[in-house]
Amino acid sequence: MVKKLRYSLEIKLLDLAVWLLPQVPRHVLMVLSRVLGTLAFWLDQRGRATALDNLRCAFGAQYTPVERWRIACGSYQIFARTFVDLFWSPQLTAGNWQKHFDIITDTASELKARKTGGVWVTPHYGNFELVSQVWGFRGFPFTVVAQDFKNPAITHLFKRLREQSGHTFISQENAMIKLIKALKRQGHAGLLTDLSIPPGRAAAAIQCYGMWTSVPTLHVELAKRLGLPIITGVCRPLPDGRYEARLCEALEPKPEDDTRELTQRIWNRFEEEIRKHPECWLWMYKQWRYRPVGEHGVPHPDYPFYSNFSEALVSMIPPELLGQKAAPATTHAVG
């Protein structure tokens with residue numbers, strides 16, 4: 001009974017947001033996003049601690065503690081803007097999206113993808129929700145795997161919002177088979193690649209800011225198996241309420257290419273973008289759940305406090321790379 005009441009209240013509040021926010025002027029939405037993000041930063045003690053320690057380990061002395069706080073707070077503000085804009089997104093149409101986005105694209109990559117289909121990838125950077133809709137309006141309908149909410153009504157609401165430009169969102173059950181079927185029909189898959197997952201067959205060990213982590217390889221495996229391009233891109237929020245969506249690189253992997261090396265190459269491109277605008281990434285997420293150094297349950301100074309030693313991760317790292325650390329970050333101004 002209590003659960004039913006809570007679920008009913010949740011969906012009523014979200015329905016109110018979906019009705020109200022499209023009627024609010026953009027400049028007011030931007031202020032609202034900053035306020036909500038700042039509140040979340042101060043109230044979410046656990047997430048704030050994760051973000052600050054992630055920044056400490058990733059950048060070392062490049063940023064002062066005050067700058068880390070500013071970047072972490074900015075990350076919360078941009079994440080809040082992402083979901084405020086998702087509720088506002090019914091205002092976005094095939095006829096008006098150009099007013100809200102600058103597109104920097106590669107014509108050859110787009111033409112290739114239109115002919116063959118493609119695997120489109122991005123990290124949790126900037127507005128990864130809204131840019132997906134724009135690619136749909138531009139003629140690239142994605143099949144996307146999404147995790148269901150505990151409240152089925154919320155799952156339905158988010159699915160409706162995310163599919164407005166022609167995408168198809170599917171559950172995780174039999175997701176691989178559904179993605180392959182869609183891609184074989186010259187379709188397109190949209191995937192977020194910067195998840196921290198348990199080391200295993202579906203993962204690869206890569207270096208992220210010089211620290212080893214375990215990430216999905218689904219995007220690489222699909223492209224290799226089906227002979228499709230991997231198209232990388234990011235979407236950066238602009239101060240005036242608009243966005244810059246940019247394709248970074250298109251790769252055409254061969255079946256014999258090394259999956260781990262390709263996964264690393266794709267991440268390196270994203271890391272380059274994040275270093276320019278670190279506040280755009282999801283620093284409050286536990287990006288380094290597993291580490292190859294230290295003992296079980298004992299924090300290691302080179303990794304965030306929440307990371308745990310994993311023998312499985314150690315076994316996935318090429319012996320010649322184990323113990324190596326990536327080159328220090330190049331200094332960039334905090335955006």
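Reader: What makes a contact in this predicted model a salt bridge?

Author: A salt bridge is a side-chain nitrogen of Lys or Arg within 4 Å of a carboxyl oxygen of Asp or Glu. The structure, a predicted model, holds 16 salt bridges.

Reader: Why is the pair of arginine 242 and aspartate 102 called a salt bridge?

Author: The closest N and O atoms of arginine 242 and aspartate 102 are 2.6 Å apart. The cut-off is 4 Å, so the pair qualifies as a salt bridge. Arginine 242 belongs to the loop between β8 (230-237) and β9 (243-251), and aspartate 102 to strand β1 (residues 101-104), so the pair ties together parts that are 140 residues apart in sequence.

Reader: Why are glutamate 273 and arginine 246 called buried?

Author: Buried means under 20% relative accessible area. The value is 2% for glutamate 273 and 19% for arginine 246, so both are buried. Their side chains meet in a salt bridge, at 2.6 Å from N to O. This pair links distant parts of the chain, with glutamate 273 in helix α10 (residues 259-276) and arginine 246 in strand β9, 27 residues apart.

Reader: Which residues are linked with arginine 246 and glutamate 273 in a network of salt bridges?

Author: The network links Arg236, Glu244, Arg246, Arg269, Glu272, Glu273 and Lys276.

Reader: What makes leucine 43 exposed, and which nonpolar surface patch includes Leu43?

Author: Leucine 43, in helix α2 (residues 26-43), has a relative accessible area of 70%; exposed means over 50%, so leucine 43 is exposed. Together with Val31, Leu32, Val35, Leu36 and Leu39, Leu43 makes a nonpolar surface patch of about 520 Å².

Technical notes. Residues numbered from 1 in each chain as written. Predicted model: local features only at pLDDT ≥ 70, side-chain atom pairs only at ≥ 80, totals over all residues. Heavy atoms only, no water. Helix = DSSP H or I, 4+ residues; strand = E, 2+ residues; numbered from the N terminus. Buried < 20%, exposed > 50% of the residue type's maximum accessible area, 1.4 Å probe, protein only. Patch = residues over 30% accessible without salt bridge, like charges linked within 9 Å, V, L, I, M, F, W, Y side chains within 5 Å. Areas by Shrake-Rupley, 256 points an atom, 1.4 Å probe, with all protein chains shown as cover.
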